[in-house]
Amino acid sequence: MRLFYASASPFASKVRMAAHHCDIELEPVSTDTGAEPADLLEANPLGKIPALVLPDASALYDSAVICDWLDRQSGHALVPQDEAGWLLCKRIEATADGVVDGAILSVYEVRFRPEDKRHQPWVDKQMRKAWRGMDVLEGAIGSLGTQPTTAHFAVAGLLGWFDLRFKGQWEERYPGLKAWIDGFPAIFPAYEDLKPKA
Ligand SMILES: N[C@@H](CCC(=O)N[C@@H](CS)C(=O)NCC(=O)O)C(=O)O
């Protein structure tokens, strides 16, 4: 199954880690979303990665949806089925994904807008969302066990990406998250291969 991805993408990294955990093989197709390639748009009209082409040639997109599909295929290797475990997993996943959503818009503002068209108050608002989400993750991370779930992969994708884009701006403020990601390869050795990379 082809997965449209980019090496730096936190959402694609999350999906690739989840698939690896489920023992489901994906064929990664390196994709430049900026170029809006036809095969990506055919799979995902939104032009975003990750997008996964299923065996029947239909496609799935949005990392949470793809992870839910992987979870179904694997007999729930990714999402705890008890009520408390499910709620924790989904809350942490949604928070981690939302942190990236806010922070990535601030990155895009600088990357794609000419300097005279940038609006700093809007960037600041996106980053306030991201930092509030990080505050919540710092408080919740101790509740995640050592059995990897979608939540683990969402947080690991986020922190790997922060390491690329916000290095030096979060580690001291979030010592719990820093210690957690430093210890993550011990519970998921493929992290080093699959984490976001420049
Ligand atoms: N909610 C989506 C977000 C995906 C997303 O924002 N991907 C970024 C790359 S990390 C992208 O494709 N950006 C290009 C664009 O927005 O056009 C998910 O979880 O998969």
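I started at Ser 13, where a polar side-chain atom sits 2.8 Å from the backbone oxygen of Leu 194. I take a polar contact as a pair of N or O atoms within 3.5 Å; within protein, one must be able to donate a hydrogen and the other to accept it, and residues adjacent in sequence count only if both atoms are side-chain atoms.

The model is predicted: local features need pLDDT of at least 70, side-chain atom pairs count only at pLDDT 80 or more, and totals for chains, interfaces and linings use all residues. Residues are numbered from 1 along each chain as its sequence is written, and side-chain values use heavy atoms, with hydrogens and water left out.

Is Ser 13 buried or exposed? I found Ser 13 buried, at 2% relative accessibility. Buried is under 20% relative accessible area, exposed is over 50%, and partly exposed is in between (1.4 Å probe, protein chains only). Leaving out residues up to four places away in sequence, Ser 13 touches Gly 157, Leu 194, Lys 195 and Pro 196. Contact means heavy atoms within 4.5 Å.

Next I looked up Trp 122. I read 33% relative accessible area there, so Trp 122 is partly exposed. Together with Leu 105, Tyr 108 and Phe 112, Trp 122 makes a nonpolar surface patch of about 380 Å². Patch residues have over 30% relative accessible area and no salt bridge; nonpolar side chains (Val, Leu, Ile, Met, Phe, Trp, Tyr) are joined within 5 Å, like charges within 9 Å. A salt bridge puts a side-chain nitrogen of Lys or Arg within 4 Å of a carboxyl oxygen of Asp or Glu. Areas come from the Shrake-Rupley method with a 1.4 Å probe; for residues, only the protein chains shown count as cover.

Last, I checked Ala 35. Ala 35 is exposed at 52%. From Ala 35 to Gln 169 I noted 30 Å, C-alpha to C-alpha, across 134 residues in sequence.
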